[in-house]
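Here are some quick notes on one helix and its neighbour. Have the structure open while you read.

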Amino acid sequence: MDEEAFLNSIDCCFPYEDEHKWRKLILQGKSISDNASFGVLYEIARKPLGSKVNEHQQLEMVTCWQAENEHPLVECIIEAAMAIIVNEPLPIAMILGYMDKVQDYRNQYGALSILYFACDDVDGLADEKWQNIVSSWRE
């Protein structure tokens with residue numbers, strides 16, 4: 001399965017209640033690409049409305065994801081994912097700095113998305129940074 005098909009297959013339908021399946025998806029994402037792996041973390045962090053998974057279960061999934069990933073961005077992206085899960089937005093200045101780091105790793109849309117949703121972007125600064133990074137990746 002290619003990256004796009006994999007990400008589409010988990011979009012808004014991550015199997016939070018089935019530990020065997022979500023553990024398998026963590027490994028599968030890692031085997032496909034860094035972006036696919038970050039896409040799995042994005043799904044873990046941003047459960048859909050109505051999902052019965054609780055914060056403790058999500059944090060357990062993050063711990064499992066982290067144990068399988070050694071990318072240079074893992075530390076800051078994990079921090080952002082956990083901020084989303086516990087609903088404690090990170091400061092916009094921190095997020096913008098982390099976004100600068102992600103820019104150096106072309107096409108890491110999953111990582112960039114996690115950062116984007118980990119802050120309260122009242123002034124549109126993260127949105128502007130997002131657009132600039134995506135534009136630079138497309139050049």
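How many of the 12 residues of α5 are buried?

1. Before the answer, the ground rules. This is a predicted model, where local features need pLDDT of at least 70, side-chain atom pairs count only at pLDDT 80 or more, and totals for chains, interfaces and linings use all residues. Residues are numbered from 1 along each chain as its sequence is written, and side-chain values use heavy atoms, with hydrogens and water left out.

2. Nine of the 12 are buried, so α5 is largely enclosed by the rest of the structure. (Buried means under 20% relative accessible area, with a 1.4 Å probe and protein chains only.) They are Val-74, Cys-76, Ile-77, Ile-78, Ala-80, Ala-81, Ala-83, Ile-84 and Ile-85. Their packing partners are α3 (34-45), α4 (55-68), α6 (92-103) and α7.

3. Now the pair α5 (residues 74-85) and α7 (residues 109-117): they pack at about 45 degrees, axes 8 Å apart. Helices here are DSSP runs of H or I, at least four residues, numbered from the N terminus. Axes are lines fitted to C-alpha atoms over the stretch in contact, and angles run from 0 to 180 degrees between N-to-C directions.

4. On the α5 side, the contact (heavy atoms within 4.5 Å) uses Cys-76, Ile-77, Ala-80, Ala-81 and Ile-84; α7 brings Ala-111, Ile-114, Leu-115 and Phe-117. By class, that's nine nonpolar, no polar and no charged. (Nonpolar covers Ala, Val, Leu, Ile, Met, Phe, Trp, Tyr, Cys and Pro; charged is Asp, Glu, Lys and Arg; the others, Gly among them, are polar.)

5. One backbone detail: just after α5, Asn-87 has a positive phi of about 55 degrees.

Note on methods:
Helix = DSSP H or I, 4+ residues; strand = E, 2+ residues; numbered from the N terminus. Buried < 20%, exposed > 50% of the residue type's maximum accessible area, 1.4 Å probe, protein only.
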